[in-house]
Each structure stands twice: as structure tokens, then as C-alpha cells.
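The exercises below are meant to be worked through with the structure open, each followed by a solution in steps.

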Protein chains: 2
Amino acid sequence: MKTCLLHARTFARLRPRLKGLDTAARFVTIDDAGKAHDAWTSTALDALPPIDAAFGNADGFYSPAAREFMTAILKSPSLDWFQSAAAGVENPALRMIGQKANLYTTNHTQAESMAEWALWQALDFLREGPAHRALQAEGKWRRVKAGEIRGSRWLVVGYGSIGQAVGRRVTALGGEVTGVRRTPGPAEGAAQIAAPGALTAQLPRADIVLLCPPHTPETENMANAAFFAAMAPHALFMNLGRGALVDEDALVAALDAGRPAFAALDVTRTEPLPADSPLWAHPRIAITPHDSSDTPGTVDGADETFLANLGRYLRGEPLKHLVGKAAFAGS
Amino acid sequence: MKTCLLHARTFARLRPRLKGLDTAARFVTIDDAGKAHDAWTSTALDALPPIDAAFGNADGFYSPAAREFMTAILKSPSLDWFQSAAAGVENPALRMIGQKANLYTTNHTQAESMAEWALWQALDFLREGPAHRALQAEGKWRRVKAGEIRGSRWLVVGYGSIGQAVGRRVTALGGEVTGVRRTPGPAEGAAQIAAPGALTAQLPRADIVLLCPPHTPETENMANAAFFAAMAPHALFMNLGRGALVDEDALVAALDAGRPAFAALDVTRTEPLPADSPLWAHPRIAITPHDSSDTPGTVDGADETFLANLGRYLRGEPLKHLVGKAAFAGS
């Protein structure tokens with residue numbers, strides 16, 4: 001029998017779906033108070049047993065007992081499988097787990113929620129949200145000309161799960177999508193795929209530029225002064241990837257110089273963004289606190305990925321969304 | 001040879017498309033200064049000749065010379081055909097033209113732009129736009145849970161051109177659309193069509209309720225206290241139709257009582273909305289000044305409708321989007 005660690009809230013939510021597995025798996029939980037229980041019997045546990053598998057999601061990692069949850073995973077004598085609710089693997093805590101676990105699987109369903117964030121920010125920019133809200137605050141009835149997603153040209157840099165979730169939506173709404181990635185096309189939701197070497201040539205013709213590649217030495221600071229200088233003056237810049245992709249000083253200088261027109265950032269170089277950062281008060285920057293995936297749909301999607309992999313794991317079948325050990329090599 | 005009146009800006013924009021018609025139609029224009037010209041020759045005209053046809057769009061009706069444009073149409077001894085860029089016919093100026101013209105045609109292409117307004121407002125509500133902007137203004141990095149269009153349930157009251165343009169988009173984004181109209185279904189973009197009599201039964205299950213029926217005695221004040229009381233507390237109410245559909249006092253009372261959660265209005269009972277209206281400053285109301293269709297795409301769409309009908313008119317073929325004289329009967 002395998003022992004699987006879940007946050008107590010995750011177990012409560014999934015309990016009806018786990019019923020058939022009670023002979024194959026023991027579930028132990030940690031709740032927000034940091035207390036451990038045997039999940040099926042609700043018996044309090046003084047110490048956690050060795051853990052074979054764990055599901056690391058927002059319930060655990062963003063709970064008041066995040067440290068206890070993390071410690072339970074790292075203190076287990078061994079860890080056979082870790083299912084992450086995240087797509088990225090560069091977070092230090094996840095790297096430690098990745099070095100320990102025999103099998104490490106990721107999840108990409110949060111791309112759907114993140115793609116809606118991109119539509120939201122694009123529409124608020126195209127529709128002149130800031131101007132409309134300023135007029136409403138003054139009680140002034142004055143029409144404002146707006147743009148549309150229909151007919152807009154998007155350049156999506158990093159055309160993986162997030163990029164494709166965006167591309168499918170933009171294409172359905174009548175926009176034209178160019179995806180930038182190393183693997184040649186075709187790819188779902190994109191009218192064309194461009195190689196990373198063609199990025200600078202593609203930038204000037206885009207109305208909307210979205211970054212969502214992984215953070216690697218090649219992508220770090222890719223959005224620098226030259227990148228912004230190649231954008232159209234009327235264009236919107238968005239970052240759904242990692243803060244380290246963007247030279248923030250160059251971004252502020254570019255916005256102040258009038259090219260691009262606006263930036264929407266879900267991620268920043270330092271998170272939480274320090275209170276004294278000039279990004280907060282810039283009139284042409286919208287900031288969300290790395291919460292573009294914080295929706296019930298994202299929770300459901302990660303649960304489904306975990307449940308499907310748990311079934312495979314208990315049946316001894318190969319897991320999906322495996323990440324090789326090499327991704328966690330080094331410190 | 002037919003004589004057709006256009007605003008000077010409209011003629012300048014369409015000139016390349018009108019070239020083949022110069023033997024079939026004379027074009028006369030009025031510019032923003034109220035001056036009339038023979039369009040092909042640029043000859044200034046002291047007085048306008050009798051007009052057979054006119055295209056009434058934003059160039060004319062929202063220009064500084066709106067009065068001169070309107071007067072030119074109404075002073076012509078007769079008017080054979082009027083192409084409106086609008087869908088509605090209840091505006092007093094359009095009613096006067098409708099009573100005068102032998103043939104009156106409407107245009108419905110602005111539905112595309114208006115549908116993007118609905119997506120914008122829905123996403124800003126679901127994504128907690130106001131809360132995010134308040135946090136940014138305070139420089140606070142605090143994650144906010146958001147909703148998604150994916151999986152949301154929409155009730156679109158009045159399932160005509162605007163409703164269907166919304167329905168197609170919401171369905172493509174993974175939402176579920178119920179359209180309310182007299183004509184039974186099926187209809188594009190809607191999972192189901194409900195009859196107007198079923199409205200009250202449908203309201204409680206909708207996450208988002210959008211009004212876009214025409215303004216008639218039956219629809220006036222349809223969104224009243226009982227309507228709002230039937231909505232879900234978490235739901236969004238939107239109006240893309242006419243201000244007269246909504247009892248605004250009942251709306252404010254309902255929002256203050258916590259049901260529905262928020263309202264987005266592109267139209268109000270009195271337009272321009274008076275500076276002392278309580279709607280302006282209400283924290284759970286977003287107001288746009290009847291500009292949901294003000295995009296370049298809308299201009300292009302109306303131009304295409306006019307050009308297609310102009311070709312039919314000059315060839316003596318039946319026009320599309322005709323409105324019967326009865327629509328303009330009475331005062």
C-alpha cells in the first residue's frame with residue numbers, strides 16, 4: 001500500500017473521487033494548523049509515516065502550514081513521486097523536491113486561467129479602461145475610441161501550453177497570432193510559428209506582445225531596451241512568464257519614451273514587488289500579483305491532473321507530464 | 001444618375017471603392033465646417049441639389065456639422081433611400097428620416113465591437129479588476145481569487161445580432177449561453193433559447209446577465225426590482241441595449257442590498273448621464289458613455305454594409321436590412 005500526502009483541504013475536496021482507491025493507497029493529511037491525520041479514519045498522527053507520493057498544490061504551499069507541508073515532504077526517508085500543481089520547476093522549494101523525488105510530474109492546466117488574464121488585460125488596454133475609469137471618476141460623459149481583439153496582431157513569445165491557450169482564444173475572437181518558439185509549426189491557435197531568431201523582425205508589426213517562455217539563461221532579460229525599441233508605439237506589452245525575462249528599468253524608460261504604449265505584468269523581477277518600486281505608480285503599467293492562475297478552474301484542473309496520474313501510479317503505469325532529473329541538477 | 005449624400009470624411013475614405021460608380025452616381029459631401037462640395041470634382045456648392053440617397057454614420061451625426069448634415073437630408077425635396085450605420089430606429093432624428101425616406105436600411109455590424117465590450121466588462125468583473133487596481137494604488141502585493149469565462153453561465157436577453165455576437169464568443173471561450181427571445185431556437189452561439197416568459201426562471205442560475213433587446217413597450221423597465229431580486233448574489237448585470245430597459249433606482253437599491261454583485265452599463269436612462277446621477281460614483285457600477293461600438297472595426301463594417309447596398313441600389317436590386325415604414329409610424 002502506497003502512502004500519499006495531501007493537504008487536508010485537498011483530501012476533503014477529492015474524497016468522493018478517491019473512494020475506490022482506499023485499498024491501494026493510504027492518505028495522510030496536513031491541515032492549516034500543521035496537524036497530521038490519517039485521512040480515511042481522521043485519526044490524529046503524532047508523527048508522519050514515510051511518504052511515497054505527494055501532491056503539492058496551492059492548498060499546501062499557500063496555506064498557513066506551508067512550512068509543515070514542505071518539511072513533511074523533505075523529511076520523508078524517500079519520495080517516490082511528486083505531483084506539482086505548477087508548470088515551472090525553477091522555484092527553490094520545487095527544486096529541492098525535484099532533487100529528492102524519483103518521479104516528478106508537472107501540471108499545465110493553469111494555462112487556461114492565465115490565458116483569460118491575457119484577454120482581460122488586452123481588452124482593458126484596447127478598450128481604454130484607464131481613460132474610461134478616469135472619466136467616470138469625474139462624472140464626464142465623453143466617448144472614447146477603442147480598439148478590438150478582432151483584427152489585432154499578437155506576437156506570443158514562448159508558444160507552449162500558456163501560449164497555445166492564449167492563441168486558441170485570440171484566433172477564435174478574430175485576432176491573428178504568431179507564436180515564437182524553437183520547434184517549428186504548425187501549432188494550435190497560431191497562424192504562423194516564428195523561430196526565436198526572427199523575434200526582432202516580428203516585433204514591429206505586433207499590436208500585442210505577450211511573453212510566456214520559461215526562464216532560462218537564454219530568455220533572461222530578453223525584453224530589454226532593444227526589444228522595446230522594436231515594438232510599435234501603439235502596442236501593448238504583457239508578461240505572464242517570469243519577472244527575470246524583463247529589464248524593468250528599460251521597460252519604464254521605454255514607456256516614458258512612448259514605445260510601447262502600455263505594459264501589463266503578472267510577474268516582476270522581485271516578488272512580492274517592493275513597496276518602493278516605480279512600477280506600482282506608473283500610469284501606463286497594470287500589475288497583478290502573480291495571481292493570473294488563481295481561479296477555481298485552476299484548482300479543478302490540477303486536481304484532475306493529480307487524480308489521473310494517481311490512477312496510473314497505483315496501477316504501475318507510466319505517469320504523464322514527467323520532468324527528467326536533469327531539470328533539477330546542481331543547486 | 002442618382003445623387004448620394006455622404007460626409008466628406010466618409011467619401012475620402014471610400015473614394016477608391018467608389019471609382020467604378022462615377023457614371024452611375026453623383027456624390028455630394030458636407031464637411032466638418034458644414035460646407036457642401038461635389039465630391040468627384042471638389043467643386044464647392046452654394047446649395048445642395050436634391051438628394052436621392054444618403055449614408056448616415058458617425059462621420060455625419062457626430063461631426064461638428066451634424067446639424068447641417070441632418071438638415072441636408074430633411075430639406076431635400078424627397079429621399080429615396082437612407083442607409084443608417086445604426087441598428088436601432090428609435091432615435092428621434094432617425095425617426096424623422098425614416099418617415100421621409102422611401103427605403104430605410106439598418107446596419108448590424110457594430111454587434112462585433114459591442115460583443116467585445118461585453119467580454120471586457122465580464123473579464124474585468126470576473127478578474128476582480130477594481131480590487132486589483134485598488135491594491136496596485138496602495139502598492140500592495142496581495143493575490144486575489146478570480147473567476148473565469150470558461151464554465152460561466154450567461155443569460156443573454158434579446159438574442160439578435162448583438163446577442164449572437166456575444167454568444168459566439170462566450171461559447172468559444174468555454175462559457176454556456178442561454179439566449180432569451182421570442183423566436184424559438186436553435187441559434188448560433190447559444191446552448192439553448194428560452195422564451196421571454198421563462199426569463200424569471202432563468203435569472204437565478206446565471207453568473208452573467210446581459211440585456212440587449214430593442215426598446216419597446218414590452219421591454220421598458222424590464223430590469224426592475226423583481227428582476228434583480230431573481231439574480232444570484234454573485235452575478236454581474238450588463239446593459240448594452242437602451243437605458244429605458246432598466247429601472248435605475250431599483251438597480252442602485254439592488255446593488256446596495258448585495259444582489260447582483262456589480263453592474264456594467266453602456267447606456268443610461270438619460271444620455272448624457274447627468275453629473276449629479278448617483279450611478280457615476282457607485283463603487284459597484286462601471287459606466288461607459290454609449291461608446292461600446294466606437295471602434296475602427298465598426299466604421300469598416302458600416303462602410304461595407306453601405307457599399308454593398310449602394311451597389312444593389314444602383315443596379316436596381318432589392319436592398320438588405322430594410323426596415324418597413326410601420327417602424328416609423330406616429331410621432
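**Exercise 1.** How many residues of chain A are in contact with how many residues of chain B?

*Solution.* Begin with the ground rules: this is a predicted model, in which local features need pLDDT of at least 70 and side-chain atom pairs count only at pLDDT 80 or more, while totals for chains, interfaces and linings use all residues. Residues are numbered from 1 along each chain as its sequence is written, chains are lettered from A and ligands numbered from 1 in the order in which they are written, and side-chain values use heavy atoms, with hydrogens and water left out.

Taking contact as heavy atoms within 4.5 Å, one finds 52 residues of chain A in contact with 52 residues of chain B. The buried area, that is, the accessible area (1.4 Å probe) that two parts lose on being put together, summed over both, is about 4,600 Å² for chain A and chain B, with 55% of it on carbon and sulfur atoms.

**Exercise 2.** Identify the salt bridges between the two chains and the elements behind them on chain A.

*Solution.* A salt bridge requires a side-chain nitrogen of Lys or Arg within 4 Å of a carboxyl oxygen of Asp or Glu, and the count between chain A and chain B is two. One of them joins the side chains of Arg143(B) and Asp294(A), at 2.8 Å from N to O.

Next, list the elements that give two or more residues to the side of chain A that touches chain B: helices H5 (110-126), H6 (129-138), H7 (161-172) and H11 (296-315), together with strand E14 (285-287). Helices (H or I, at least four residues) and strands (E, at least two) are DSSP runs, numbered from the N terminus. The largest share of this side, eight residues, comes from H5(A).

**Exercise 3.** Why does Thr219(B) count as buried, and which residues does Thr219(B) touch?

*Solution.* First locate Thr219(B) in the loop between strand E11 (208-211) and helix H9 (225-230) of chain B. Buried means under 20% relative accessible area, exposed over 50%, and partly exposed in between (1.4 Å probe, protein chains only); Thr219(B) counts as buried because its relative accessibility is 13%. Finally, not counting residues up to four places away in sequence, Thr219(B) touches Pro213(B), Pro214(B) and Leu245(B).

**Exercise 4.** Against which elements do the buried residues of H10(B) pack?

*Solution.* The buried residues of helix H10 (residues 248-256) of chain B include Leu251(B) and Leu255(B), and the buried residues of H10(B) pack against H9 and strands E12 (236-239), E13 (262-265) and E14 (285-287) of chain B. Just after H10(B), Gly258(B) takes a positive phi of about 95 degrees.
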